[in-house]
Amino acid sequence: MHEYSIVQALLERVDVEARCHEASAVTSIALAVGDAAGIEPELLRAAFELARSGTLAERAELTMRLVPESWRCRSCGAPLPAGGRLCCPACGGAVELAAGDELLLERMELEVT
Ligand SMILES: [Zn+2]
């Protein structure tokens, strides 16, 4: 499962952060998941439930914020609706994905004892 390896990489990062701050536990993890990131939020959550046991994030609450896919023109920066267009209606420039292909660790809360 694709999501499982994502979660493992995430938990490793969370673990490193937590140890840096000498935390005894991670209480919450907030993620931003892009629409176009190829990640299924429910599978990600299921993988998280499996992978976290025995880690500092064992009791962490996982929240996910979905980031809608959006595009913009590479030349003039005009925002464009998702899907379809490969060039900018204003200047004819090439379009690029502006948001929605990311998985970000936005915030985590630590318990330090
Ligand atoms: Zn343009």
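Predicted model: local features only at pLDDT ≥ 70, side-chain atom pairs only at ≥ 80, totals over all residues.
**Overall fold and nonpolar core**

In the protein chain, 72% of the contacts between residues at least 6 apart in sequence join residues at least 24 apart. The C-alpha trace spans about 55 × 30 × 15 Å along its principal axes. Of the 113 residues, 17% count as buried.

The largest nonpolar core has 16 residues. Those with the most contacts inside this core are Val7, Val14, Val26, Ile29, Leu44 and Ala57. At least two residues of the core are supplied by each of α1, β1 (25–34) and α2. Helix α1 gives the most, with six residues.

Helix α2 comprises residues 41–51, and its buried residues are Leu44, Ala47 and Phe48. These cover an arc of only 105° around the axis, which puts them on the same side of α2. The face turned away from this buried side carries the exposed residues Glu42, Glu49 and Leu50. The elements that cover the buried residues of α2 include α1 (2–20) and β2 (61–67). For leucine 44, one of the buried residues of α2, the contacts beyond neighbours within four places in sequence are with Glu3, Ile6, Val7 and Ile39. Both leucine 44 and its contact partner Val7 are among the residues with the most contacts inside the largest nonpolar core.

Alanine 18 lies in helix α1. This residue counts as buried because it has 21 C-beta neighbours inside 10 Å, the cut-off for a buried residue being 20 or more. When neighbours within four places in sequence are left aside, alanine 18 is in contact with Ala23, Val26, Leu56 and Leu110. Of these partners, Val26 is also listed among the residues with the most contacts inside the largest nonpolar core. Alanine 18 and glutamate 106 are 88 residues apart in sequence, and their C-alpha atoms are 14 Å apart in space.

Terms used
Residues numbered from 1 in each chain as written. Buried ≥ 20, exposed ≤ 12 C-beta atoms within 10 Å, placed from the backbone. Contact = placed C-beta atoms within 7 Å. Helix = DSSP H or I, 4+ residues; strand = E, 2+ residues; numbered from the N terminus. Arc of directions from axis to C-beta. Core = buried A, V, L, I, M, F, W, Y, C linked by C-beta atoms within 7 Å.
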